Amino acid sequence: MTAIGIYGSNGRMGRAIATIVGDEGGRIAGGVDAGGDPVPLAQAADVLVDFSTPAALQPHLAAAVAAGTPIVIGTTGLSSAHHALIDEAAQRIAVLQTGNTSLGVTLLGILVREAAARLGRDWDIEIVEMHHRHKVDAPSGTAILLGEAAAQARGTTLSEVRVDGRAGLVGARTEETIGFSSLRGGSVVGDHHVIFAGEGERIELGHRGEDRTIFARGAVKAALWLAGRTPGRYQMAEVLGL
Ligand SMILES: NC(=O)C1=CN([C@@H]2O[C@H](COP(=O)(O)OP(=O)(O)OC[C@H]3O[C@@H](n4cnc5c(N)ncnc54)[C@H](OP(=O)(O)O)[C@@H]3O)[C@@H](O)[C@H]2O)C=CC1
Ligand SMILES: O=C(O)C1=N[C@H](C(=O)O)C[C@H](O)C1
């Protein structure tokens with residue numbers, strides 16, 4: 001049975017993964033949290049999952065690469081420097097990084113890409129997300145993932161068109177930008193809506209997470225799929241066959 005090591009094991013996601021791992025046919029190799037040594041776990045596990053904090057990504061990747069152990073990275077709030085580290089690690093081990101491991105959001109990403117490619121550039125794109133009061137990063141990793149899908153479909157990159165949280169006298173909307181709005185409160189697991197606003201009509205594509213189990217199941221499926229793969233950077237859509 002594939003042994004999965006969890007970075008961030010005492011967190012909300014770490015605990016959700018431990019609860020369902022057996023249902024998916026895996027087992028837990030162990031866990032590491034703040035202050036723990038990531039190296040022994042990387043050596044003991046067949047595959048790692050990381051749902052911790054961006055500051056820990058570098059040591060977690062280094063431990064995974066040194067041990068030759070594949071890793072699923074679910075941590076969000078990553079910078080372009082983190083993505084460069086992931087690309088480097090993916091030359092040595094199998095890596096899957098995603099802002100959202102759920103089946104629903106993985107499909108939503110495909111639908112958003114399709115809509116953005118088919119609708120004219122005069123359709124404005126806005127992304128609204130809401131999460132629980134404890135979430136520390138904004139916009140969410142999922143909102144960024146969806147924005148990237150839309151930007152790529154329009155032949156650009158998100159960094160060129162991204163506008164975060166408008167406030168004050170910001171002026172009229174600039175054409176072809178993608179706007180992000182983040183709401184925080186209560187126990188909301190994760191809601192995302194991508195709004196395509198045209199002249200006289202709007203299309204809204206969305207997803208509401210009702211239980212963290214959706215992310216945990218996707219993460220464990222990804223881990224079991226990744227174990228034993230050759231080095232490279234893989235996608236959730238490949239894992240789920242979408
Ligand atoms: N991709 C996806 O589908 C999803 C991604 N996420 C993302 O996963 C991350 C974690 O979310 P969540 O579980 O809610 O957060 P929590 O704050 O509940 O858990 C974070 C965990 O990481 C641990 N941690 C902190 N620093 C380190 C470190 N240096 N090394 C190892 N572990 C460390 C914490 O340990 P301690 O308690 O000791 O500080 C804690 O156990 C976030 O970035 C979130 O956005 C969340 C849901 C789904
Ligand atoms: O922090 C969370 O809780 C979540 N984080 C991920 C994100 O940033 O998109 C995924 C999910 O929405 C829950």
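Which residues does Thr142 touch, not counting residues up to four places away in sequence? They are Gly99, Asn100, Val105 and His192, where contact means heavy atoms within 4.5 Å. The model is predicted: local features need pLDDT of at least 70, side-chain atom pairs count only at pLDDT 80 or more, and totals for chains, interfaces and linings use all residues. Residues are numbered from 1 along each chain as its sequence is written, and side-chain values use heavy atoms, with hydrogens and water left out.

Thr142 lies in helix H6, helices being DSSP runs of H or I with at least four residues and strands runs of E with at least two, numbered from the N terminus. Thr142 is buried, at 4% relative accessibility; buried means under 20% relative accessible area, exposed over 50%, and partly exposed in between (1.4 Å probe, protein chains only). The side chains of Thr142 and Asn100 are joined by a polar contact of 3.0 Å.

His132 occupies the loop between strand E6 (124–131) and helix H6 (141–153). With a relative accessibility of 9%, His132 is also buried. Beyond its neighbours within four places in sequence, His132 contacts several residues, including Arg12, Arg184 and Arg212.

Elsewhere, Leu242 is found in the segment after helix H9 (236–240). Leu242 is partly exposed, with a relative accessible area of 45%. Although Leu242 and Leu107 are 135 residues apart in sequence, their C-alpha atoms are 7.1 Å apart in space. Leu107 is one of the residues that Leu242 touches, and the others are Leu103, Thr106, Ile110 and Ala237, not counting residues up to four places away in sequence.

Key:
Chains lettered and ligands numbered in written order. Polar contact = N/O pair within 3.5 Å; in protein donor to acceptor, adjacent residues only side chain to side chain.
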